[in-house]
Number of protein chains: 2
Amino acid sequence: MKHFNTTDQTDQPRKTGFVDDYLLYLLAAASDAASAQFHAHVRKAGLRVPEWRVLACLNDQDGAMITHLAQIALVEQSRLTRIIVQMEERGLVQRANDPSDGRRVRIYLSDAGRSLITSVIPEARAHEQALLAQLGEDGGTALKQALHRLLETLAQQKGGDN
Amino acid sequence: MKHFNTTDQTDQPRKTGFVDDYLLYLLAAASDAASAQFHAHVRKAGLRVPEWRVLACLNDQDGAMITHLAQIALVEQSRLTRIIVQMEERGLVQRANDPSDGRRVRIYLSDAGRSLITSVIPEARAHEQALLAQLGEDGGTALKQALHRLLETLAQQKGGDN
DNA sequence: CGATATTATATGAAAATTCATATTGTTTAC
DNA sequence: GTAAACAATATGAATTTTCATATAATATCG
């Protein structure tokens, strides 16, 4: 049982290249790897990843409209529409037309959905704490700060000059 | 032309919730938003995102095997197999059986692929520099450091104890 | 050596995703 | 008040993606 060099299947020269220090790659790789761990829990709870995201967002903003939910849950709108259909069929959410604007469809947690998300969020917090602990007191806060800062910066750019 | 509050379509109570400071969400949101900017360039170069990732990885590790490429390009193996087929049809890469192990298929940049990636990488670097500049001297390095650290930590966990 | 386990890649088929656009409701400007 | 612009959601159809598993090559173990 050799447990070293797990990723390097081959014997490449191994000079560090472009990708290994490219910001967008680091972000994607870190997000992927970190999320993969927790996504195991998500699946055990009977949810797919986008469903977990939708529920988590509804937990914070119940009654959000589809478009808004799509933005915060990082899902394209037409995809979200179909995901919501499935989730409604499964009884996790309910949709309701906004009386003040007939175009809007607001999504609400059902009791089942709320109870499910209520059970998963503590797992998420626990997983997050474990990860932050491994990064050390300052490592964790530094990471979060840096990410918040990046997000602010990117948000500014969007609203900025068009 | 109102250019504030772009994301908040509705008028929700807006008490900060779970998601807004959840590490995995920050990572996914940051990766998404940051990458979205550059992905516009990628598409203009006639590439889809996974193709760009594959080429960028090959740029660093030409001749990598499918499995390895799948890991570093953050794509599932069977998907990558099909992506590679398409890329070969388009003349961006070539596959070659590894003489030392008949199971392995090694992927090499074609001349066209190399010339394409050679033209895109500078754009990537430029975009990255612009973003880092906006984060400020220290902000950028702090972010990268934090991400590297996270990746190390996650990698350790994988190899660690099984 | 031969059986068995393991590794690398490919593939069928169901399901999900994308993209462009249709549909429906609302606001704006005359 | 109505036409034109805009906004929110839905949908058709092609393509992609996923998941489990098939296939093929190699390694291991008795």
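**View 1. Antiparallel pairing of β2(A) and β3(A).** In chain A, β2(A) and strand β3 (residues 105-109) pair in the antiparallel sense over five bridges; strands (E, at least two residues) and helices (H or I, at least four) are DSSP runs numbered from the N terminus, and two strands pair if DSSP finds at least two bridges between them. Opposite Val93(A) stands Leu109(A) of β3(A). The model is predicted: local features need pLDDT of at least 70 and side-chain atom pairs pLDDT 80 or more, while totals for chains, interfaces and linings use all residues. Residues are numbered from 1 along each chain as its sequence is written, chains are lettered from A and ligands numbered from 1 in the order in which they are written, and side-chain values use heavy atoms, without hydrogens and water.

**View 2. The open sheet of chain A.** Three strands of chain A form this antiparallel sheet in the order β1-β3-β2. Because β1 (64-65) and β2 (93-97) of chain A stand at the edges with a single partner strand each, one side of each has no neighbour in the sheet.

**View 3. Surroundings of DNA strand C.** DNA strand C is surrounded by 19 residues, the closest including Arg48(A) and Thr67(B); a residue is near the strand if one of its heavy atoms lies within 4 Å of it.

**View 4. Polar atoms at DNA strand C.** A phosphate oxygen of the DNA strand lies 2.4 Å from a polar side-chain atom of Arg79(A). At Val105(B), a polar backbone atom lies 2.9 Å from a phosphate oxygen of DNA strand C.

Note on methods. A polar contact is a pair of N or O atoms within 3.5 Å; within protein, one must be able to donate a hydrogen and the other to accept it, and residues adjacent in sequence count only if both atoms are side-chain atoms.
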